[in-house]
Amino acid sequence: MKNEVLLTVKNLKKYYEISQGMFKEKIVVRAVDDVNFTVMRGETFALVGESGCGKSTTGRTILRLVEPTAGEVVFKGTNLASLPYEQMRSLRKQMQMVFQDPYASLNPKKTILQILMEPLKVHNKFDKKERLRKIIAMLKIVGLSEYHLDRYPHEFSGGQRQRIGIARAVILQPDFIIADEPVSALDVSVQSQVINLMLELQKEFGLTYLFISHDLSVIQHMTDRVAVMYLGKIVEVADTEDLFRNPKHPYTQALLSAVPVAHPKEEKKRIILKGDVPSPANPPSGCAFHPRCPFALEICKTKMPEPTTFEKGHTANCHLYIKNEEEIEYVTSYS
Amino acid sequence: MSDKVLQVNDLRIRFRNGKETSQPIRGVNFHVKKGETLGIVGESGCGKSVTSLSVMGLLPIKTSEIVSGEILFNNRDISRLKEKEYRKLRGNEISMIFQEPMTSLNPVFTIGEQLSEPLRQHKKMSKSEIRNNIIAVLKQVGLPRAEQIIDEYPHQLSGGMRQRVMISLALLCHPKLMIADEPTTALDVTIQAQILELLKEIKVKNEMSLMLITHDLSVVAEMCDRVVVMYAGEVVEEAEVNELFDRPLHPYTQGLMKSLPSNNERKSKLFSIDGQVPKPSEIGEGCVFANRCPFAFEKCFAETPPAFNRGKHISKCWLQDPAVKEVMQNEERSIVNS
C-alpha cells in the first residue's frame with residue numbers, strides 16, 4: 001500500500017437547528033462535531049458507532065449530499081467543502097456512494113439498464129455504443145448477467161439489488177467509495193457474498209473505501225483502519241487489528257465486549273454499559289461518554305479530552321491516558 | 001410428555017393470494033421444554049415468523065389456513081381454537097415480543113394505559129392494583145423512574161427503553177411461554193447486550209420458557225439451550241446448542257457457520273453459500289437445499305429427505321442416511337482401490 005493521502009477531513013462539523021417557535025431559542029443538534037481523520041489511497045477505512053452517532057452524516061457531508069456547517073474535506077488536494085455546485089458534481093465521478101437499504105436506493109420505475117446508464121450520461125463518460133458494453137461487463141463482474149438488463153428492481157432479491165447498487169457506484173471507475181452500511185440489511189449467507197464482491201472489486205480497480213458500519217465482525221474482517229464514533233465525535237482511531245486486540249477508550253472496550261460470542265462455550269467478560277446514548281441535542285458536558293463510563297473521573301465532567309497518541313498512529317480521546325500512569329492503574333483496578 | 005410446554009407437530013400453513021396459493025410452512029416439528037430457551041434460526045423468508053405467529057394465533061384469517069398439523073400448548077391443541085378462546089390465552093399464558101420496538105407500541109396511549117390492557121383482560125384487579133403491578137414490572141425490567149414512565153408516551157423513550165416496555169408488557173400476566181421475535185435486531189450492540197442479559201434474568205426469575213427467533217447465530221450461541229434451524233419453510237436441523245456449534249450436520253448450517261466473518265481469516269475471501277433461497281412457488285420435489293448444496297447427489301433432487309436422528313441431534317439430509325453413508329464409503333474405497 002502506498003502511503004499517499006487520498007482524503008483528509010479537518011474539523012468537519014454538521015449542526016442541525018431545530019426551530020422551537022418564533023421567539024424561542026433554536027435547539028442545535030451537533031450531529032457531527034469536529035471530526036478529523038485521513039484516508040490513505042487503497043485502504044479501507046471504517047467508521048463504527050451506534051445509531052445516531054453521526055457516522056452516516058459524516059459520510060454524506062464528505063460527498064456534500066448534506067452541506068457541512070464548517071470544516072474542510074480535502075480530496076486529492078482540493079477542498080470539497082468550498083467548491084461550487086457544478087464542480088462538485090463533476091468531481092463525484094471520482095467518489096461514489098453505496099447506500100444502506102437496497103430496497104430504497106434503486107428507482108422502482110427504472111430498469112437496470114436505465115439505472116446503470118444514468119451515471120454514465122450525467123458524467124458523459126464513454127461514447128454511446130461503448131456504454132452498453134461497459135454496463136454488461138460491469139453486470140458480469142458483480143455476478144449478474146445480460147438478460148437482467150430490462151428488468152425492474154422489484155424483480156431482484158436484496159442481495160442482487162445491493163450488487164446493482166455497487167455496480168452503479170463502480171461503473172464510473174471512481175477512486176473512492178463511501179459504503180454506508182452496505183451489508184446490514186442482508187442475511188448472513190448473502191452478506192458474505194456481497195463482502196466478497198467488495199473485496200474483489202477493491203483488488204481489481206484499486207478502490208479506496210470509507211466503510212460505515214455498526215457490525216464489528218464485518219469491520220474486523222474487511223477494514224484496515226477504524227475510527228470509533230460516539231455522539232458526533234471520534235473517540236478512537238487505530239489499525240483494525242490493533243483496535244480489536246488492544247482497545248484504549250472505555251467506550252471501545254465496552255463496544256467490543258458487547259459483541260455476542262461466536263461459540264456457546266466461549267466465555268466472555270462483558271462490560272455492560274448503563275443507560276442509553278444521550279441525545280445529541282443536549283450532550284453531556286466535558287467528555288460526552290462520562291455518564292456511562294465505568295472509569296469516569298472528576299475532570300471528565302468538565303473538560304473535553306484531547307487526543308492522546310500511542311504507538312502506530314493509535315489515538316484515543318480519553319482523560320485516563322493523559323494523567324500519569326500510576327493514577328490510571330488505580331482507577332482501572334479499583335473502579 | 002408433561003415437560004413440554006409447546007409442541008408443534010407437522011405444521012403446514014398455506015397462504016392464498018387471489019387465485020394463487022403458496023405454502024411457506026411445510027411440515028414443521030419442534031417442541032419447547034419447560035424452562036428452556038429454544039432458538040429458531042433462519043434467514044428472512046424461511047418461515048420463522050409465520051411459525052411464531054401461528055402459535056400466537058395471529059395469522060390473518062382471510063388469507064391463511066393451517067392445512068394440517070397441530071400446535072399443542074400444555075397438551076391442548078390450540079391450532080383450531082376460536083378467537084374468543086384464543087384471547088384468554090394470548091398475553092396471559094403465551095406472550096410475544098416483536099421486532100420493532102418503535103412500531104409495536106401505540107403512539108397515542110401512555111405506557112400505563114397500554115400496559116394495563118392485559119391485566120384488565122385477564123385478571124380481576126382494581127385500578128390501584130393494576131398501577132402497582134405495572135410499576136413493579138417496569139422496575140423488574142430495569143427501567144429507571146418507573147413511576148414517571150408509566151404516564152409518559154412511547155415517543156419520549158429511547159429504543160432500548162421501548163423494548164424494555166415491550167418485555168414488561170409480555171411479562172405482566174406471568175406467561176408460561178414467551179416468544180421473542182428478533183427482539184434485538186433493531187437495537188445497537190451495547191443495548192442488545194443489555195436486553196439479552198435482561199431476558200436471561202427474567203426467564204429464570206419467572207420460570208418460563210423462551211422461544212427466541214433470530215437470524216443472528218451469535219445471539220443463539222449466547223442465549224439458547226437448544227436450536228432449530230429453518231430453511232425455506234422446513235426445519236432442517238435441530239440440536240442442543242453446543243452440539244450444533246461443534247458438529248453441524250446439515251450442509252446449510254455448516255455453510256451459515258462458515259460464512260460468519262469471525263470464522264474466516266481476516267481479509268480473506270469469505271465462505272459463501274452460492275445461489276439464493278428458492279421462492280415458495282419454486283419448491284418442488286427433493287431436498288429444499290439441494291440446488292445450493294455442495295454435496296448434493298441424485299437422490300437429493302428426487303426425494304425429500306426424512307428427519308434422521310442421531311441421539312438428540314436431528315437433521316434432514318440424505319448424507320445422514322445410514323444407507324447412503326455406506327454407499328459413499330464403498331465408493332470411496334473403490335476409488336482408493338482403483
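**Contact between chains B and A**

I looked up the contact between the two chains in this predicted model: 37 residues of chain B are in contact with 32 residues of chain A (contact means that C-beta atoms, placed from the backbone, lie within 7 Å). I noted that H6 (159-171), H7 (189-206), H8 (217-223), H9 (241-246) and H10 (251-258) of chain B each supply at least two residues of the side touching chain A. H7(B) gives the most, with seven residues. I sorted that side of chain B by class and found 14 nonpolar, 16 polar and seven charged residues (nonpolar: Ala, Val, Leu, Ile, Met, Phe, Trp, Tyr, Cys and Pro; charged: Asp, Glu, Lys and Arg; polar: the others, Gly among them).

**Numbering and confidence**

I number residues from 1 along each chain as its sequence is written, with chains lettered from A and ligands numbered from 1 in the order in which they are written. Local features need pLDDT of at least 70 and side-chain atom pairs count only at pLDDT 80 or more, while totals for chains, interfaces and linings use all residues.

**Sheet of chain B**

I traced an open antiparallel sheet of four strands in chain B, in the order E2-E1-E4-E5 (helices, H or I, of at least four residues and strands, E, of at least two are DSSP runs, numbered from the N terminus; strands pair if DSSP finds at least two bridges between them). E2 (20-33) and E5 (76-77) of chain B are the edge strands, each pairing on one side only. E1(B), residues 4-17, pairs with E2(B) over ten bridges, and Phe15(B) stands opposite Ser22(B) of E2(B).

Technical notes: Two residues are in contact if their C-beta atoms, placed from the backbone, lie within 7 Å.
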